[in-house]
Amino acid sequence: MNDGIRYEFAYGTYEDALRMVGIRTEPRYAGTAVSGARIQQFASMVHDPNPAYWDADFAREVWGGLLAPPALLMGWLIPPPWLPTGEPPRPSIAIRVPLPGTTFINASNEVEFPMTILEGDRLHVVEEVVSVSPEKTTRVGTGHFVQTCDRFHRADGALVAINRNTLFRFTPAVAS
């Protein structure tokens, strides 16, 4: 029995990782449509009174429907920890880049929204490895910066978001 999501890092060399630069994944589809309940749950957790998240009439008039909060973008495609089909969740491409290093931290994130994401939208994402840095040593440890670009689309193919992310895959420095 699987009690939760457990992703295994791909391990390899810097040269192995460089071979992934330019690789794009097949589309990964959200299991469910963007829902008003999740929009309002998120807005509630962060105490956001924006009527675009709460007032269906206002949101429909201004946006065409309840608006998905920008900070919830990644949440729409997080796979559930268990599926009745037994299919394991597919980790982000950044985790599948073969590198040394036992952990990672997010170094930067930039998101662009060419279109709004609304209640009822069915999303999918295509991920791409953009670059892998040579080995760097920072205060937290030694490793590599991995830059990815994720393109989110609606079911009709419209591009709704571009997420550029950089993470640092590293082995922690030994505390002295």
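This is a predicted model: local features need pLDDT of at least 70, side-chain atom pairs count only at pLDDT 80 or more; totals for chains, interfaces and linings use all residues.
Another salt bridge links Arg154 and Asp156, whose closest N and O atoms are 2.7 Å apart. Here Arg154 is buried, because its relative accessible area of 18% falls under the 20% cut-off for that word, whereas Asp156, at 54%, counts as exposed.

A further salt bridge, between Glu127 and Arg28, has its closest N and O atoms 3.5 Å apart. Since Glu127 belongs to strand S3 (residues 123-132) and Arg28 to strand S1 (residues 28-29), this pair ties together parts that are 99 residues apart in sequence. Both Glu127 and Arg28 are buried.

Turning to the surface, we find a nonpolar patch formed by Phe58, Val62 and Trp63, which together have about 270 Å² of accessible area. Of these residues, Phe58 lies in helix H4 (residues 56-62) and is partly exposed, with a relative accessible area of 33%.

What remains is the empty space that the protein leaves open. Rolling a probe the size of a water molecule over the atoms shows where such space is left. The largest pocket has a volume of about 480 Å³, and 26 residues line it, with Arg28, Met74, Ser92, Glu127 and Asp150 lying nearest its centre. Two or more residues of this lining come from each of strand S2 (103-112), S3, strand S5 (141-154) and strand S6 (159-172), and S2 gives the most, with 4 residues. The lining of the largest pocket divides into 16 nonpolar, 6 polar and 4 charged residues.

The second largest pocket holds about 380 Å³ of space. Its lining is made of 18 residues, of which Tyr29, Ala30, Gly31, Pro79 and Pro80 lie nearest the centre, and these lining residues divide into 11 nonpolar, 3 polar and 4 charged.

How values were computed. Residues are numbered from 1 along each chain as its sequence is written. Side-chain values use heavy atoms; hydrogens and water are left out. A salt bridge is a side-chain nitrogen of Lys or Arg within 4 Å of a carboxyl oxygen of Asp or Glu. Buried means under 20% relative accessible area, exposed over 50%, partly exposed in between (1.4 Å probe, protein chains only). Patches are made of residues with over 30% relative accessible area and no salt bridge: like charges are joined within 9 Å, nonpolar side chains (Val, Leu, Ile, Met, Phe, Trp, Tyr) within 5 Å. Accessible areas come from the Shrake-Rupley method with a 1.4 Å probe; for residues, only the protein chains shown count as cover. On a 1 Å grid over the protein atoms alone, a cavity is a set of points where a 1.4 Å probe fits but cannot get out, and a pocket is an open set with protein on both sides within 12 Å along at least five of seven lines; lining residues have an atom within 4 Å of a point. Grid points are joined across faces, edges and corners, and a volume is the space filled by probe spheres set on the points. Ala, Val, Leu, Ile, Met, Phe, Trp, Tyr, Cys and Pro count as nonpolar, Asp, Glu, Lys and Arg as charged, and the others, Gly among them, as polar.
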